[in-house]
Each structure stands twice: as structure tokens, then as C-alpha cells.
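Me: I am new to this structure and would like to learn how to read it, one feature at a time. Could you take me through it slowly?

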Amino acid sequence: MSSQQVSLEHGEGGELSHKLLREVFVSRFGHAEESKWDAARLAVPEGRIALTTDTFTLQPLFVNGCNIGKLAVAGTVNDLTVSGAVPRYLTAGFVIEEGFPVRDLVTIVDAMAAEAQKSGVRIVAGDTKIVKRGTIGGVIINTAGVGVIPPEFDLHPEAMREGDAVIVSGPIGDHAVAVLAARGELGVMTDLPSDCTSLYPMIRRVRETGAAIRFMRDPTRGGLATALVEIAEDFGAEIEIEQEAVPIRPEVEGVCEILGYDPLYFASEGKAVLIVAEADAPRVLQALRETEEGKEAAVIGRIVGRGEGKVLLKSALGSRRRVLRLQGMQLPRIC
Amino acid sequence: MCVGVPGKVIERDEYTAIVEVMGSRMKVGIILVPDVQVGDYVLVHAGKALQIVDEEYARASVEAWALIGELREQGVLEESDR
Amino acid sequence: MDTAVRSPLAAALAQTKDPVLARRLLDRVKDLAERFIARHGRPAAIMEVCGSHTHALAETGVKDALRGAVRLISGPGCPVCVTDQAEIDAMIALAEGQGRIIATFGDMLRVPGSRGSLMKAKVEKGADVRVVYSPSDAVRIAAEHPDREVIFLGVGFETTIPILAAAVAEAEALGLRNFSLWMSTNLVEPVMRHLLESGEVRIDGFLLPGHVATVIGRQGFLFLAEEYRKPGVIAGFEVNELLSSLYLLLELLLAGRAEVLNNYPSVVREDGNPAARRLMERYFVPVDQPWREMGIIPQSGMDFREAYARFDAKRKFPVRVGKPKPTACRCGEVIRGLIEPDACPLFGRACTPEHAIGPCMVSSEGACAAHYKYLRA
């Protein structure tokens with residue numbers, strides 16, 4: 001593209017807008033046909049659909065193992081995936097600051113196209129708005145997603161019962177630590193990349209086993225603790241987690257020890273929590289472990305009862321404590 | 001009172017050192033441990049190395065605790081041994 | 001981790017958290033605890049002076065596992081919990097002053113004042129309050145903003161005071177005129193003496209704060225045995241450091257020996273860290289310090305020497321606050337070990353971590369927060 005930076009003129013709907021659309025977006029998302037209409041016109045698939053939207057802000061925009069584009073696609077694909085859907089279509093809305101380097105925009109859009117391809121998802125509609133410099137930290141992306149819930153495969157949280165296994169698909173907190181390090185504010189350095197990735201290819205393997213999956217959630221903001229508390233409360237389940245069984249990378253533990261953080265509240269962007277019928281847990285675990293993303297999957301606990309929803313963490317000494325939602329935000333502490 | 005964590009010194013200059021804690025790193029001040037060497041472990045609190053960790057004592061402590069743990073009646077197989 | 005080649009020291013450090021060893025040590029501690037009960041007809045009353053111990057005992061499950069076997073009493077070792085309410089109110093008023101940057105440890109942000117908190121001052125009044133990991137980060141902020149006054153809220157015990165001194169040394173070396181410290185620090189020996197002399201609570205022995213001891217040494221705690229005939233064990237913060245220390249303390253109690261043992265010798269020397277003490281004594285002198293609901297305890301805090309008054313935020317920015325608003329909060333009794341957190345009528349009802357009335361519910365090492373988070377299952 002001829003311009004080096006995005007300008008307010010790119011948002012005026014004229015020739016420059018057209019060029020930005022053609023050269024940056026349409027060529028990469030491959031939605032030339034759909035873009036001739038004001039809305040993408042799509043065949044209605046059989047079964048129910050799942051629909052979700054999410055707006056992504058990431059500071060900095062480029063993190064080891066992740067950029068805002070990759071995150072925006074993976075995040076929405078993952079929300080569809082853990083809702084039991086096969087992700088099909090995404091839309092992408094961009095708010096871009098004047099002066100934003102086109103080169104960086106291209107990198108972001110390339111990452112989106114590549115991430116969408118992993119799950120066989122098409123980005124079929126988009127929008128671009130340009131705002132004044134210094135107002136939004138570069139770029140903000142909204143993605144909405146449509147997925148199909150096949151009738152023969154659905155989640156059944158109502159069937160959750162004592163003995164069901166709680167599985168996490170890999171070590172938690174990598175994304176939060178990679179972002180913390182990239183921000184440089186608290187002086188923490190690490191080579192650990194973000195775990196940001198689309199979960200659909202991995203979950204597809206799990207679905208192929210035919211295992212009875214009660215429920216899935218991706219432990220993003222608020223971390224594993226929050227995801228579990230929400231499941232427990234929403235479905236009236238008592239969940240017991242074995243502290244020692246929760247996979248955490250040493251680099252994440254190191255950062256937590258330095259700053260006094262709790263890794264249970266650290267976001268992951270490429271992990272799933274699965275509640276699975278007791279008898280099916282071994283084959284789900286095996287299917288997960290056969291994938292690159294899930295090779296460190298582990299059973300971390302069980303459903304121990306129904307009723308008042310709560311999460312208990314069992315320590316190595318056998319004592320139990322209640323896990324709560326994150327109170328406010330995590331702050332580095334000396335005490 | 002005070003969160004403190006042991007980390008290994010992997011670089012040092014006059015006033016600061018890079019300390020590795022389980023694979024993540026942090027720059028810390030070494031004004032309180034002027035004799036610290038690369039390879040030493042230090043206890044870090046609020047961005048400063050507070051003390052050099054003594055290897056001999058650390059090992060001796062662990063051995064002493066293991067002895068306490070073994071004071072159980074002989075011949076009783078513990079859960080963790082099975 | 002299991003397959004990686006580790007140095008002997010790294011292996012020893014890993015052992016401090018080893019769950020198999022922890023389960024064995026727990027059994028041994030219970031054995032001794034039962035012998036104490038058999039002999040005295042009640043569990044041993046052990047005070048952990050340090051707030052990080054309070055947090056660690058709860059988080060590792062040690063406190064819960066020893067329920068009924070040992071009475072673990074949380075002491076006055078959480079810096080934000082022991083800070084006098086008028087001081088907290090002054091810090092919040094300070095933050096509301098125009099053009100200032102207030103830098104603070106994260107611990108202080110949500111501590112409730114008589115009206116609002118630092119967090120509220122930031123959100124509602126636009127105060128520039130920045131959470132930093134180290135006081136030195138505040139010095140860097142001051143260097144980057146020569147046109148702004150940067151004030152660091154200097155709370156902490158002997159572990160942290162040398163680090164506050166190091167920040168002043170850095171500001172001095174850089175010739176900064178816009179950096180100052182609001183000193184509200186606490187010393188452990190005077191408050192322990194105060195507790196023992198008040199006789200308000202029965203304490204058989206002390207789990208002593210390992211990180212304070214890295215600075216003041218084992219020698220800094222000998223007064224306990226020599227003057228008060230109380231045993232104490234200097235302890236680290238990992239599960240096996242806690243359990244082995246409790247074991248050693250119960251051994252001392254059963255043998256009737258008033259001694260101070262160092263069970264954290266990897267970082268605690270007999271004379272502590274003289275370089276750290278020299279640095280803090282270069283800038284600060286002991287002063288009479290007000291403690292939450294304990295009044296002024298003589299020579300129990302540190303403040304600037306006259307020669308360094310230019311770094312003293314209290315002199316640069318005099319703040320007037322009224323008498324703190326009284327509440328039904330019983331933090332003052334909690335930090336002296338007089339009551340358990342749930343004996344407070346507010347606990348878990350009006351006062352939760354989300355809507356804290358007192359600092360003990362806010363600070364992650366406050367006894368109320370630890371009780372709420374870890375011991376309510």
C-alpha cells in the first residue's frame with residue numbers, strides 16, 4: 001500500500017478507504033465476494049447456531065507468541081468452541097488510531113487470517129474506523145463469531161454429577177505472564193510465550209472420541225479460579241481441585257513468587273477447562289494429549305457434590321480452602 | 001511481613017544484578033549484598049537482594065527436616081511410601 | 001522440572017515445598033502437639049508475628065491441618081494492618097494534593113481510610129497513584145518527571161526499611177529534589193515487648209519472622225528468651241520451613257527451654273545483615289510510633305534523620321486530618337491476637353475483601369483476609 005501510516009482520511013469512505021479495504025483486508029481475509037454486499041449473505045446450517053462477540057484491547061499490541069489480531073480471532077473461536085459449537089464465520093471491526101503504521105496493521109491482519117485458517121473459519125465481514133492519535137493505544141479489534149452446534153453433539157451441564165472429572169488442557173497463566181513481561185512495568189522478564197491459540201482443532205479431537213462432555217470454559221480473564229467458580233455457581237456443583245495437580249510452568253510460578261500473585265487468577269488464552277463424565281476422562285485426556293496444544297493436559301479435580309455451588313482447593317496436607325472470585329485486581333505486594 | 005523469594009544471580013554489574021526465579025528474571029539492586037557473585041542465590045524483597053543464600057545451611061536444614069520426618073516408629077510404612 | 005539437572009542448592013530449595021516431606025512433618029508436629037495437650041490440658045498457644053506467615057500458614061493449609069492441635073495466633077506483623085488510622089487518612093489526603101505522584105506498594109491501595117482509599121482517590125478524584133514493585137521504581141519515576149513531586153509511601157518492618165533507605169540513597173546520588181518518602185514504619189522488637197508486657201494474651205512461644213531476621217539476625221530476638229523466658233524459632237515461609245519450625249518450637253516448649261532457634265539459617269545470620277542495618281541507620285533513627293489501637297509505642301518506628309529532612313514527605317507536605325471515624329471494626333484486637341477474625345461482628349457480613357471496613361480484611365496477609373479466603377471452607 002502506498003501510505004506508510006493510517007490517516008483520518010482512510011476513514012472517510014473515499015478512495016483511500018477503498019484502497020485500505022482492498023489491499024489490507026480483502027486480500028487477506030479472502031471475502032471479496034461477500035464484501036460486495038453491505039452484509040455477508042450466508043447459508044443457514046442445520047442445527048442451532050452459537051453467536052458471540054468480544055472486543056480486544058491488548059497492551060502492548062505485540063507480545064511474545066501473540067498479537068492483538070491473533071488474540072481477536074482465537075478469543076472468539078474459543079468462545080464458540082467451548083460453547084460446543086463448530087466455529088464457522090467471524091466478523092472483524094477495527095478501530096485504528098491515526099498514524100498507526102500500515103506495516104503493523106498488515107502484520108495484525110496476517111495473523112488473523114492465519115489463525116482463522118487453523119479452525120477453518122472464514123472472516124466474512126469487517127469494518128474500519130479511524131480515531132485521533134493517542135486515544136486508544138493503537139488499535140482495538142472487535143470480532144463477532146457464528147458457530148454451528150451439531151444436533152448429535154452438545155454439552156450437557158445438567159448431567160453434571162459427583163465423580164465427573166475436571167480437566168485442564170495445559171499449564172495455566174502463560175498469557176498473563178507474557179503480557180506482564182512485555183509491559184515491562186514491574187521489571188519482570190521472561191522468555192515464556194503467550195499460550196494464545198485457537199482451541200477448536202484440539203477440541204475437535206476430543207469430540208471425535210464421543211465422550212460425554214458436560215461443560216467447557218476457557219479460563220481467560222480472572223483465570224482458572226474464576227472459570228471454576230462460575231461453573232460451580234451457574235450449575236450448582238461443588239468442585240474440588242487438587243492444588244498439586246494444577247499444571248503451572250516454573251516461569252509463571254517464579255513471577256507469582258516475585259510479585260506475590262496467585263497463578264489461579266492469571267489469564268490463559270489457549271486453554272480449556274472440561275467437565276467430563278468419570279468413565280470418559282481417560283480417553284478425553286488421551287485425545288487432548290495427542291494434540292500439540294493439549295499435550296500437558298491434566299485431571300485437576302472432581303465434582304464432589306451438587307447443591308450450593310462452590311470450589312474447594314485441597315492442599316498437599318489434605319486441608320481444603322474455598323476458592324473465591326478475584327477480588328478487584330492482582331497487585332504486586334511486599335507483604 | 002515481607003514476601004521474599006530466592007533467585008539465582010545470572011549477571012551483575014556495580015549496583016544491580018539480573019536474578020532468575022524459576023526461569024523468569026528480574027533486575028534487582030545489590031546495595032545490601034555487596035559481595036554477591038554470579039551463580040549465588042539471593043533472597044529478593046521489593047526489588048533488592050537482601051541476603052545471599054548459604055548452600056551449606058540450606059542443605060543441612062533439609063537434611064535435618066528429613067530426620068524429623070523419619071522419627072516415626074520404625075517399620076511403619078507411610079502413605080507416601082507406597 | 002523433575003528431569004532437569006539442578007544444583008544442590010536448587011534441590012534443597014525445592015525440598016522446602018516437597019509435599020511428601022510436608023505430610024511427614026505434619027504428623028510429627030501433631031505428635032508433639034498432642035503431648036503438649038496431654039501435659040497442659042490445652043493446645044500450645046503460638047503467635048506468628050509475621051503477616052506473611054499468617055498468609056503462608058493459611059495458604060499451605062498448615063493452620064487448618066493443625067486446628068485443635070495448636071492454637072496459632074496471628075500477631076501484629078502486617079504493615080498495613082498495624083498502621084495507625086490517622087496515618088492512613090493522611091496518606092489518602094496527601095494523594096489528593098494537586099500535581100503529585102504517589103507511588104506505593106500494592107498492599108496500600110485498597111486500605112480503607114475514614115473516607116475513601118487510595119484507590120478511590122485515584123478513580124474518583126483523579127489522583128495520580130502508581131503501584132510499584134520497588135521503592136527504587138519511585139525514584140526512577142521522579143527522575144523521569146522532574147516537574148512533578150513524587151512521594152513514596154514508606155510502610156514496612158525491618159525487612160523493608162533498608163530498602164526504603166536504599167531508595168533515598170539513589171535519590172541522593174541522582175541529586176533529586178522532587179522525591180520524598182512518607183515514613184510510617186514499624187519495628188518488631190518494641191511491639192513484641194509491648195504485647196508481652198501488656199499480658200493481654202497468653203503466648204507460649206513465637207514463630208519468628210524469617211525475613212525481618214535476615215536484617216536483624218538471631219541476635220535481634222534473644223531478648224525474648226533472656227528477658228521474657230519465651231522460646232522462639234526463626235522460620236522461613238514454605239510449607240516445610242513452617243512445619244519444621246513448629247516442630248522445633250513444640251520441642252522447646254515440651255522441654256521447658258526458653259531459647260531462640262534459627263531454623264532459617266540459609267538466609268539468617270547470627271548478626272543479620274550489617275550492611276542493611278548500616279544503610280537504614282544512615283538515613284533513619286528510631287522514633288515513637290503510633291500503632292493501630294495500641295497507641296504510641298516508644299522507639300517503635302523509624303523516621304528521617306535531621307540531615308535528610310529534604311527527603312521527608314511529612315515535612316515537605318504537611319497534611320492535616322481530623323480524628324479518624326470510629327467503626328465497629330475490631331482489627332485492633334485481631335492484630336494483638338486477642339480475638340479470632342470471626343469474633344468481629346462485621347466479619348464476613350459488613351466486612352469482606354470486596355468491601356473491607358478494616359485493613360486486616362484488605363491486606364493479603366491480614367488475619368481477617370487470610371481467615372476469609374482460606375479458612376471458611
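Reply: Let us begin with what a contact is, since much of the reading rests on it: two residues are in contact if their C-beta atoms, placed from the backbone, lie within 7 Å. Please keep in mind throughout that this is a predicted model.

Me: With that in hand, which residues of helix 5 of chain A meet which residues of helix 8 of chain A?

Reply: On the side of helix 5 of chain A they are M202(A), R205(A) and V206(A), and these meet V284(A), A287(A) and L288(A) in helix 8 of chain A. Sorted by class, the residues of this contact comprise five nonpolar, no polar and one charged.

Me: At what angle do helix 5 and helix 8 of chain A pack, and what is the hand of their crossing?

Reply: Helix 5, residues 200–208, and helix 8, residues 281–289, both of chain A, pack at about 145°, and their axes are 9 Å apart. The crossing of helix 5 of chain A past helix 8 of chain A is right-handed.

Me: Where does UniProt place the domain "PurM-like C-terminal" in chain A?

Reply: According to the UniProt record, an unreviewed entry, this domain covers residues 161–313 of chain A.

Me: How should I read the pattern of buried residues along a helix, taking helix 1 of chain C, and which of its residues are buried?

Reply: The general idea is that an α-helix has 3.6 residues a turn, so residues three or four places apart point the same way. In helix 1 of chain C, the residues L9(C), A12(C), L13(C) and Q15(C) are buried. Because these buried residues fall within an arc of 155° when seen down the axis of helix 1 of chain C, they line one face of the helix. Their cover includes helix 2 and helix 13 of chain C, and also strand 1 (5–12), strand 4 (41–45) and helix 1 (55–69) of chain B.

Me: How many residues of helix 6 of chain C are buried?

Reply: Helix 6 of chain C, residues 85–95, is mostly covered, with nine of its eleven residues buried. Among them are I88(C), M91(C), I92(C) and L94(C), and the buried set also includes E87(C) and D89(C). The elements covering these buried residues include strand 3 (100–104), helix 7 (118–125) and strand 10 (284–291) of chain C.

Me: Turning to chain B, in what order do its elements run?

Reply: Starting at the N terminus, the elements of chain B follow the order β-β-β-β-β-α, which amounts to five strands and one helix. Chain B has 82 residues, of which 50% count as buried.

Me: How many residues of chain C are in contact with chain B?

Reply: There are 44 residues of chain C in contact with 33 residues of chain B. Helix 2 of chain C gives the most to the side of chain C that touches chain B, namely seven residues. By class, that side of chain C has 24 nonpolar, 15 polar and five charged residues.

Conventions: Residues are numbered from 1 along each chain as its sequence is written. Chains are lettered from A and ligands numbered from 1 in the order in which they are written. This is a predicted model: local features need pLDDT of at least 70, side-chain atom pairs count only at pLDDT 80 or more; totals for chains, interfaces and linings use all residues. Helices (H or I, at least four residues) and strands (E, at least two) are DSSP runs, numbered from the N terminus. Ala, Val, Leu, Ile, Met, Phe, Trp, Tyr, Cys and Pro count as nonpolar, Asp, Glu, Lys and Arg as charged, and the others, Gly among them, as polar. UniProt positions are given in the numbering used here, feature names are shortened, and annotations may be inferred rather than shown by experiment. A residue is buried if 20 or more other C-beta atoms lie within 10 Å of its own, exposed if 12 or fewer, and partly exposed in between; C-beta atoms are placed from the backbone. Axes are lines fitted to C-alpha atoms, for helices over the stretch in contact, and angles run from 0 to 180 degrees between N-to-C directions. A crossing is left-handed if the near helix is turned anticlockwise from the far one by less than a right angle, and right-handed if clockwise. The arc is that of the directions from the helix axis to the C-beta atoms.
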